Amino acid sequence: MSHGEKPLIPSQRHLFEIPEEVSYLNCAYMSPLLKTGIRAGEAGIRSKGQPWNISTTDFFARTERTRTLFAQLIGATADDIFIVPAVSYAMGVAARNLPLAKGQRILLLADQFPSNVYPWRELAREREAEVVTLARPQDNDWTRSILEHIDRSVAVVALPHCHWVDGALVDLIAVGARCREMGAALVLDLTQSAGALPIDVKAVQPDFAVAAAYKWLLGPYTLGFCYVAPRWQCGQPLEYNWITREGSEDFARLVDYRDSFQPGARRFDMGERSHFQLMPVAEAGLEQLHAWGVAAIAQTLAHKTAAIVARAQSHGFTALSDPLRAGHYLGLRYSGNLPGDLPQRLSAHQVYISQRGDALRVTPHLYNNEADVERLFVALAACGIRGA
């Protein structure tokens, strides 16, 4: 163990409801819930069965606790975070508030996730601006290509932290500095990195940065969190609901309509943000991430993926190397022809991965152990993909 490294986290399978015979190596698709998250969600559902036990305080307390937990995960404050149902919602808020003039450019990456593409294509049509999509660099160095293309004509740079197809990593600190130099806004989709890869928004200084909860945050579907820089926190929300208004804690006076909002980014919160069934699940996931520590998670997952790469190479696979790949993420490309239904064939052996583009996406988490990796390669061999 080198200086500064922490001990690897041992398998945490006991915290999840994953049978021993199942090899789930697909966190980038959707994480399993923690047992604590399942219990919290069940308790939330049961609470609606007895609504007389739901107090007005319950509309605010857990939401604020969860908002704070996410903020701490990325080096922000609770005032910087708003609650969203999906990445597309956050991108809609960003598109509504960021300036974009006729003829200016929006910079995207080839094959990035659609929720960080469609809003910008629509905004470009509305403003008579241009979407510029960078092709995958031959050397796989996305950061270099992005930096080369950010100039004074670029108004918005909309990126992932790591590419959802193969985990290709973007140096967000370098990109953030270049955006500030050229006067461009930086909008990030952290869904495939937040919770598994350290990020400090104070160092990156994005304008908006969103993460859906259902992947590496170990949370539920239909819930997420978005950071917004202080300079945009007086902007225009997508919707005008009651709970984001100043004084909304006093239910008896909700008809004393107010133009003023709750402090910070809360004005952008989605309606019915309290979500008694899902918010407790998100809270449980975030609490566990804090208990493990994101730096320790990242180090442990990098060790797991390195071991998988070492074995995969003897089967004819290649993967991006450090520092071009996020440590928690693998996109394995094959030297020959893969069966188009390989993930389905592997699932017959209770081995679960994804295929995105030309890459097999293998994304373990702390619930995985060495037996899971062994079953992956046994199943690959059973599907006709054998080692040299």
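Two strands are taken as paired if DSSP finds at least two bridges between them, and helices (H or I, at least four residues) and strands (E, at least two) are DSSP runs numbered from the N terminus. The structure is a predicted model, in which local features need pLDDT of at least 70 and side-chain atom pairs count only at pLDDT 80 or more, whereas totals for chains, interfaces and linings use all residues. Residues are numbered from 1 along each chain as its sequence is written, and side-chain values use heavy atoms, with hydrogens and water left out.

Seven strands form an open sheet of mixed pairing, in the order β2-β8-β7-β6-β5-β3-β4. The edges are formed by β2 (81-84) and β4 (130-134), each of which pairs on one side only. From one strand to the next, the twist averages 20 degrees, where angles run from 0 to 180 degrees between N-to-C directions and axes are lines fitted to C-alpha atoms, for helices over the stretch in contact.

Within this sheet, strand β6 (residues 185-189) is joined to β7 by three bridges, the two strands running parallel, and β5 is joined to β6 by five bridges, again in a parallel arrangement. Leu188 has Ala209 of β7 as a bridge partner, and Leu188 of β6 is also the bridge partner of Leu159. Residues are called buried at under 20% relative accessible area, exposed at over 50%, and partly exposed in between (1.4 Å probe, protein chains only). Because five of the five residues of β6 are buried, this strand is largely enclosed by the rest of the structure. In a regular strand the side chains alternate between the two faces of the sheet. Both faces of β6 are covered, with Ala185, Val187 and Asp189 buried on one side and Leu186 and Leu188 buried on the other.

Helix α2 (residues 61-73) lies across β2, β7 and β8 and runs at about 115 degrees to β2. Helix α4 (residues 118-127) touches β3 (105-109), β4, β5 (154-160) and β6, and its direction makes about 145 degrees with that of β4.

Beyond its neighbours within four places in sequence, Leu134 is in contact with Leu107, Leu108, Leu109, Ala110, Trp142, Ser145, Ile146 and His149. The C-alpha atoms of Leu134 and Gln112, which are 22 residues apart along the chain, are separated by 10 Å.

Two further buried residues belong to helices. Glu283, in helix α8 (residues 279-292), counts as buried because its relative accessibility is 10%; setting aside neighbours within four places in sequence, Glu283 is in contact with Arg62, Arg65, Thr66 and Leu69. Although Glu283 and Arg62 are 221 residues apart along the chain, their C-alpha atoms are separated by 7.8 Å.

By contrast, Tyr221, in the loop between β7 (208-212) and β8 (224-228), is exposed, with a relative accessible area of 53%.

Methods. Contact means heavy atoms within 4.5 Å.
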